[in-house]
Each structure stands twice: as structure tokens, then as C-alpha cells.
Amino acid sequence: MKLNNLEALYKNSGATFLKPISELAHKINSIKAFVFDWDGVFNNGHKFGSQGSSFSEIDSMGTNLLRYAYYLKHASELPIMALISGEKNEPALFFAERECWNTSYSKTGNKLLALEHLCENHSIQAHEIAYFFDDVLDLPIAQRCGLRFLIDSKATLLFKNYVVEHQLADYITRYSGSNHGVRECTELCMGLMDQYQHAVDQRMAFSDSYKLYLKRRLEIKTQWFTQKDSKITRVE
């Protein structure tokens, strides 16, 4: 799909581009990692006691398709996939392991420490990261990353205004975390890479390409980290 048609499709749905879509399409070419907050991004932020907060399979499929689209565009290279959460959520840990994500950070009150650790651990720069976030705790990361997607909430009017005024996001979703804002973003990213139709066609056919991608994905063993005092430490 042409960029102007893609932009019109998303704008007509109620989404907001804070930068020209051509700039987003240019930026995504240099992205090497997709990093997600958890609460308010994969869900509405409600907690169920020690059980944590849930996720949707619709969003899960979106992240899988995004990885595959990246794999198709970048000559069978897999992107780095990471979660950075300020709390410990058992569903988040389950999700990261099931989906074979590279890294999961939990109980990281200072998320900038996790960002710096992720960059060092994977030999990447912050401008090579696409970040998906929703609230104040995420802003130190959003300030540094190359591509930023704010998952909207109708309640956070002043926060959204702050993000816009300080140029801390490139795109604001139409849908919230409880209404599949992640899927909205992942499909947009696939469109920016001009890989949506190709990825869906290959997935629908369960092609040899997709089978090889799955094999490569399953080889990834998720690493777990948390913050202790002012340091990021490995969780065995």
C-alpha cells in the first residue's frame, strides 16, 4: 500500500501522526529492536492481585506478524524483541517465554537502566529501537528511542498534551491498550515496511519461509532481568 493511502487509512480511523509518515517509513528501516511496556499497552492496566495483568491473543498475533515481516524485509534477520515493565507480571513473563522474545525486564522502576542494559547486551543504539508505551514511567525511554508509539488512553489528556509538546512520540494510536492498540501499531509497522501483504500471504500458506522463521524463533531462549538498587541483574 502506498504511504499516502496508509496514512489516510489510519488518520480516518482516528489515529494521530505527529511526524510525516514518510519520516516514520524512513526511520523504521534502521530499527533493530521492538520494545514494549506491558501495563496499559497489552491491557488496560487493571491488576488481578498477584496474578498481574493479562494480554490478548490478537495483540500476540500482531507481534508475531511484525517479527515475520521484519524477517522478510531484512534477509532472514530476526529483530530483537523485549518487554520492559515497572512491575512483575506473571502473564508478561509467560508471554515473553511463550513467544520466544529475547529479553524481559520486570520490577524496573528506572526504565532507563533497562534500556541502557538492553543496548549494551545486544550491541545496538537507542535510535535503533521502536518503543511502544503509554505513561509517565516510559518517557525517559521514549526520549531516546528512534521510533515511538504512544498507546492512547482517553483519560490522560494532559499527559498526551505533554508528550505532543515535548515531541516524545511519533504516532498516537486510535485504540487503547484494552482495545488492541498493540495490534494497531504492529500492523502499521508492517505497512511502513511495505511487508503486510507479503507476510500475511506467506503466513496463510504456512510457507517454507514461515516454517524456517518459526524454527529460528523457537531457538531463542528468553533472558530475564530485574532492577536491584540502581543495577540491572539477571534472574535465573
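## Briefing: burial, packing and salt bridges

Glu187 is partly exposed, with a relative accessible area of 23%. Glu187 pairs with Arg183 in a salt bridge, and the closest N and O atoms of the two are 3.0 Å apart. The structure described here is a predicted model. The protein has ten helices and nine strands. Its radius of gyration is 17 Å, close to the 18 Å that the globule rule gives for 236 residues, so the protein is as compact as a globular protein of that length.

**Overall dimensions and surface**

- Taken along the principal axes, the C-alpha atoms fill a box of roughly 45 × 45 × 35 Å.
- Of the 236 residues, 54% are buried.
- The accessible surface comes to about 11100 Å², and carbon and sulfur atoms hold 51% of that area.
- Among contacts with a separation of 6 or more, 65% join residues 24 or more positions apart.

**Helix 1**

- Helix 1 covers residues 3–13, and Leu6, Glu7 and Tyr10 are buried in it.
- Seen down the helix axis, these buried residues fall within an arc of 100°, so they line one face of helix 1.
- Asn4 and Asn12 lie on the other side of helix 1 and are exposed.
- The partners of the buried residues of helix 1 are strand 1 (16–17), helix 2 (21–28), strand 7 (171–172) and helix 8 (181–192).

**Nonpolar cores**

- In soluble globular proteins, nonpolar side chains tend to be buried together.
- The largest nonpolar core here contains 46 residues. Phe34, Phe36, Phe42, Leu83, Phe149 and Tyr171 have the most contacts inside that core.
- Leaving aside residues up to four places away in sequence, Phe34 touches Leu66, Tyr70, Pro79, Ile80, Met81, Ala82, Ala130 and Phe132.
- Another core, of 29 residues, lies apart from the largest one. Its members include Ala126, Phe159, Val163 and Ile232.

**Salt bridges**

- Side chains of opposite charge can pair when their charged atoms come close.
- With a cut-off of 4 Å between a side-chain nitrogen of Lys or Arg and a carboxyl oxygen of Asp or Glu, the count comes to 18 salt bridges.
- Lys27 and Asp170 form a salt bridge through their side chains, at 3.3 Å from N to O. This pair links distant parts of the chain, 143 residues apart: Lys27 is in helix 2, and Asp170 is in the loop between helix 7 (157–165) and strand 7.
- Both Lys27 and Asp170 are buried.
- A network of salt bridges links Lys19, Glu23, Lys27, Arg148 and Asp170.
- Arg183 and Glu187 are four residues apart in helix 8, so about one helical turn separates them.
- Arg183 has a relative accessible area of 19%, so it counts as buried, the cut-off for that class being under 20%.
- Glu90 and Lys88 also meet in a salt bridge, at 3.8 Å from N to O. Glu90 is partly exposed at 42% relative accessibility, and Lys88 is partly exposed at 48%.

**Residues with positive phi**

- Most residues other than glycine have a negative phi.
- Ser123 is not a glycine, yet it has a positive phi of about 55°. Ser123 sits in the loop between helix 5 (111–122) and strand 5 (129–133).
- Ser123 is exposed, with a relative accessible area of 65%.
- Asp229 is not a glycine either, and its phi is positive, at about 55°. Asp229 belongs to the loop between strand 8 (223–228) and strand 9.
- The relative accessible area of Asp229 is 75%, so Asp229 counts as exposed.

**Thr233 in strand 9**

- Thr233 is part of strand 9, which runs over residues 231–235.
- With a relative accessible area of 25%, Thr233 is partly exposed.
- Thr233 touches Trp224, Phe225, Thr226 and Lys228, residues up to four places away in sequence not being counted.
- Thr233 and Ala114 are 119 residues apart in sequence, while their C-alpha atoms are 9.8 Å apart in space.

Note on methods: Residues are numbered from 1 along each chain as its sequence is written. This is a predicted model: local features need pLDDT of at least 70, side-chain atom pairs count only at pLDDT 80 or more; totals for chains, interfaces and linings use all residues. Side-chain values use heavy atoms; hydrogens and water are left out. Buried means under 20% relative accessible area, exposed over 50%, partly exposed in between (1.4 Å probe, protein chains only). Helices (H or I, at least four residues) and strands (E, at least two) are DSSP runs, numbered from the N terminus. The arc is that of the directions from the helix axis to the C-beta atoms. Contact means heavy atoms within 4.5 Å. A nonpolar core is a set of buried Ala, Val, Leu, Ile, Met, Phe, Trp, Tyr and Cys residues joined through side-chain atoms within 4.5 Å. The radius of gyration is taken over C-alpha atoms; the globule rule is 2.2 Å times the number of residues to the power 0.38. Accessible areas come from the Shrake-Rupley method with a 1.4 Å probe; for residues, only the protein chains shown count as cover.
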